[in-house]
Every structure is written in structure tokens, then in C-alpha cells.
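Q: I have just opened this structure and would appreciate a guided look. Could we go through it step by step?

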Amino acid sequence: MAGERSLGARLLARDERALTELIEIATPWLLGITQSMLSDRDEAEEVVQEAFGIIWNRIHLLDPAQGGLIPWLLRITRNRAIDRLRARKRRRSHLERLGSLTSPAETVTPAAEPNEAVHPGWHVHETVHAALTGLPDDQREAVRLAYFEGLTHSEIAERLGIPMGTVKTRLRLAFDKLRIALATIKDWVV
Amino acid sequence: MNPHRWFEEHRTAYVTRSLERDEMTTFSEHLAGCAECREAIRTLEQELAWLPMGVAPVTVRPGLQRRIVEHVLGNNQWRWNRMTTLAVAASLLLAILTYGIGRQQLRSLDRERAVLAQQASIRQNRLAALEDTVSVMRGATRILQASFQMENRDGGLLIFADARTHRWNVVVHGLPPAGPDQVYQFWFIEKDGMVRGAVVQPDSAGPTFMMMGMPPGGGEVMGAALTVEPMDRQTTEPQGKMLAHLML
């Protein structure tokens with residue numbers, strides 16, 4: 001992911017080749033996120049496609065002070081995936097009322113050769129992964145449900161069968177630790 | 001409780017979108033008039049910016065990156081075709097499934113369907129890879145060709161350059177196996193020098209096909225070359241024998 005700043009500048013200059021470079025670099029990561037959240041490969045690909053479309057059409061809104069191109073792309077992608085999950089939940093509850101429900105899950109295929117050479121940014125993944133696995137089980141589970149499955153506090157409380165106050169405490173403790181653990185990569189420019 | 005205390009305690013939940021819908025609305029309205037919270041939210045977003053990368057990357061299906069480029073740049077033809085194909089496939093599957101058979105037979109069919117779906121998935125991936133290859137050839141805005149001789153064999157380098165998706169499909173044929181400690185190296189020729197592309201693996205059964213994007217950095221690509229290089233020497237300029245040299 002070297003040269004992200006220049007990628008942003010080139011995208012701003014409507015350089016289509018910069019777009020293909022960004023797509024090549026970021027797609028495996030974005031698909032990892034969306035497939036993990038949505039468990040549906042086709043829908044995950046649609047979300048990634050939408051995210052790149054937003055970046056291309058709104059590149060003039062990129063604010064380097066907000067963390068750069070890739071963090072923006074990650075945020076857009078996650079937000080779109082959460083929108084899909086919540087829309088799916090609404091459909092599901094509607095279908096449940098009709099008495100018919102199917103939700104096929106799909107296996108996520110991890111990258112064949114996970115390393116920095118094949119996937120630029122791999123060391124960021126390792127830092128984040130280590131920060132997540134360093135959390136106590138109950139806090140990690142709360143983060144997984146809140147951040148990677150897009151559940152609200154009340155939905156997590158219902159899912160885990162615990163009071164909402166406990167959910168909030170677990171998440172507050174977990175995110176405090178994550179913020180400290182991720183401080184080393186906060187300003188990293190890919 | 002101090003009313004502002006609630007917002008302070010729920011900043012992280014706002015950033016991670018864990019609040020209920022009405023709470024999100026309340027928080028957004030508060031943000032419009034609270035500089036302190038806006039600054040805190042901005043800091044939190046930066047601190048957690050890389051958290052999504054806790055999920056490992058996955059292998060991208062053949063053709064997806066091309067579809068994304070075409071979609072973003074406003075050419076939806078391939079996506080439409082794919083959607084149509086999927087719709088037809090789904091209709092056929094539905095027709096088969098709804099065929100008047102009993103429950104026992106249906107279970108057996110389900111097993112067969114799983115096997116067929118797996119085979120179809122493999123074929124779909126192959127088809128997507130082929131479609132991806134052909135798309136570059138079909139959409140090529142430049143086609144370049146060079147011949148060479150290697151160990152008394154006639155060989156050639158053929159480049160289909162697609163300016164729309166900024167990718168090349170490179171075909172190399174007639175290459176004998178590389179000598180010991182040697183590799184066939186593909187180079188991009190840029191205005192300021194040469195940039196290493198892929199290492200070409202000769203295929204004894206036929207031509208070698210390679211799909212490649214332009215080198216990173218945005219330098220203007222003016223041509224390409226194929227050379228024989230020492231295996232472990234990563235020089236920035238070719239050192240070995242030049243087999244082919246093409247200028248756009």
C-alpha cells in the first residue's frame with residue numbers, strides 16, 4: 001500500500017490508473033471485512049464495489065486530517081456492510097412474521113499466502129489481530145458483535161443474555177484497550 | 001446525571017455505530033452544536049481507523065477487480081450480463097427443484113445439487129478468469145508483437161493493452177526452460193527508466209498467459225521488454241540478454 005498519499009492526489013486528479021491500483025491493493029482486505037460481516041460472497045462484492053464508487057465520486061471530500069484514504073475506504077465499507085446487515089434484519093423479521101426464513105452462510109476463503117509481499121498492510125493486520133486476541137474472551141466477543149456484526153447494545157445484550165449495562169462496560173473496557181494498542185499504527189500511512 | 005455526561009460516555013458507541021437508531025439521531029444532533037464532542041469523535045475515528053483490518057484478507061474471485069473498475073467508471077455491461085446469466089441459472093435451478101418429486105427424492109437431489117453447485121462454482125470461476133482474459137484482448141486499444149529466437153526456437157511476445165482498465169494481457173510463446181540460476185524477466189519501460197514486471201514462467205505445453213496491472217507510482221509506461229536475468233540479482237535495470245523490446 002505504499003504511496004497512498006500520492007494515490008489520493010492522483011484520484012483527485014481523476015487518474016483512472018490510480019483507481020485500478022487502489023482496487024488491486026485494497027479489494028482483498030475490503031472483501032475480508034464484508035464477507036466476514038455479511039457471510040455472503042455476492043453481497044460482499046457488491047458492497048466493495050459500492051465503496052469504490054463512493055471513493056471515486058467523492059474523492060474531493062477526502063480529509064487527510066481524518067486519517068487518509070485507506071481508513072476512509074475501510075470506514076465506508078464497514079458502514080455499507082452494517083447498512084446491509086440492518087436491512088437484512090428488517091427483511092428477516094418480516095419473513096419470520098410470514099413464517100419462512102432461510103439464511104445460507106458461505107465459507108470465507110482466506111488469502112492463499114498471507115504476508116506483506118502478497119498483501120501490503122499485512123503488518124497492520126497483525127497488530128490489530130494481536131490487539132483483539134489480547135482482549136479477555138467476554139470483551140472480545142462483545143467487540144466482535146458490535147464492530148464486526150454491527151449489533152447495537154440492546155441486540156448484544158439480547159444475544160448474550162446479559163444486562164445492557166454489562167454490555168456497555170465490556171465494550172468501554174475493550175475499546176479503551178484497543179485504542180492504546182492501536183496507537184502505534186494510528187498515523188500510519190500505507 | 002449531567003446531560004453532557006451521557007454523550008461523553010457514548011462517543012465510542014457512536015463511532016462504532018452501536019447505538020440504537022434514535023440514540024444515533026440524538027447524538028448526531030448534539031454533535032452539530034458541540035465542538036468538544038466533534039473533536040473527541042474525530043480523535044476516536046483516527047484511533048480506531050485500522051480496526052477493520054483485524055479481519056484477514058481473502059482471495060479475490062477472477063474478474064472481480066475488472067468488474068469493479070468498469071462499474072465505477074460507468075461501464076455496467078459486463079455486470080448486467082452476469083446478472084442476466086445468474087437470473088437464468090437461478091430460474092433453471094428453481095425449475096429443477098420444483099419438478100414434481102417426492103420428499104425422499106428431493107433429499108437425494110439436494111445432495112446432487114450440492115455437488116453440482118460446487119462444480120458450477122469451479123466452472124464459474126474458470127469462466128470468469130477466461131472472461132477476464134478475453135475482456136482485455138477484446139477491449140485492447142493497442143496490440144504489440146515482437147519475435148525472438150532462443151536456442152534455435154522461434155518465439156514471440158504479444159501484448160494486448162487495455163487503456164480502459166489499465167491492464168495488459170501478455171502472451172509469450174516459444175520460450176525454452178530457463179537456464180540454471182536464470183529467469184525470464186518482463187520489464188515495463190517508463191520515461192525515467194525500467195520497472196520490473198512479472199517473472200515469466202515458460203510453459204512447455206503452450207504459450208504463457210499473464211494478466212498484469214501497470215506498475216505502481218503512476219509513471220508513464222512507454223513500452224515493455226523481455227530479458228534473461230540472473231535469478232537472485234534484483235537490479236533496477238536489465239543486465240542480461242534482451243529477447244524482445246517493444247515501444248507503444
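**A bend and its surroundings**

Q: Where does H2(A) kink?
A: The model, which is predicted, places a kink of about 50° at Ala26(A) in H2(A), shortly before the proline Pro28(A).

Q: How many residues of H2(A) are buried?
A: H2(A) is mostly covered, with 20 of its 23 residues buried.

Q: And what comes just after H2(A)?
A: Ser39(A) follows there and takes a positive phi of about 55°.

Q: Let us step back. What is the secondary structure of chain A?
A: Chain A has eight helices and zero strands. Along the sequence, the pattern reads α-α-α-α-α-α-α-α.

Q: How much of chain A is buried?
A: Of the 190 residues in chain A, 41% are buried. As for contacts in chain A between residues at least 6 apart in sequence, 63% of them join residues at least 24 apart.

Q: What is the mean pLDDT of chain A?
A: The mean is 84, and 82% of the residues of chain A reach 70 or more.

Q: Where does pLDDT stay under 50 in chain A?
A: That stretch is residues 101-106 of chain A, for which the model has seven contacts beyond four places in sequence. Where pLDDT is low, the predicted coordinates should not be read in detail.

Q: Changing topic: in what order do the four strands of the open sheet in chain B run?
A: The order is S5-S4-S7-S8 in chain B, and the pairing is antiparallel. The edge strands are S5 (193-200) and S8 (242-247) of chain B, each pairing on one side only. Neighbouring strands of this sheet are turned by 20° against each other on average, direction ignored.

Q: How many bridges join S4 of chain B to S5(B)?
A: Six bridges join S4 (residues 182-190) of chain B to S5(B), and the two run antiparallel.

Q: Which residue stands opposite Trp187(B)?
A: Arg196(B) in S5(B) stands opposite Trp187(B).

Conventions:
Residues are numbered from 1 along each chain as its sequence is written. Chains are lettered from A and ligands numbered from 1 in the order in which they are written. This is a predicted model: local features need pLDDT of at least 70, side-chain atom pairs count only at pLDDT 80 or more; totals for chains, interfaces and linings use all residues. A residue is buried if 20 or more other C-beta atoms lie within 10 Å of its own, exposed if 12 or fewer, and partly exposed in between; C-beta atoms are placed from the backbone. Two residues are in contact if their C-beta atoms, placed from the backbone, lie within 7 Å. pLDDT is the predictor's confidence in each residue, from 0 to 100. The bend at a residue is the angle between axes fitted to the seven residues ending there and the seven starting there. Two strands pair if DSSP finds at least two bridges between them. Axes are lines fitted to C-alpha atoms, for helices over the stretch in contact, and angles run from 0 to 180 degrees between N-to-C directions.
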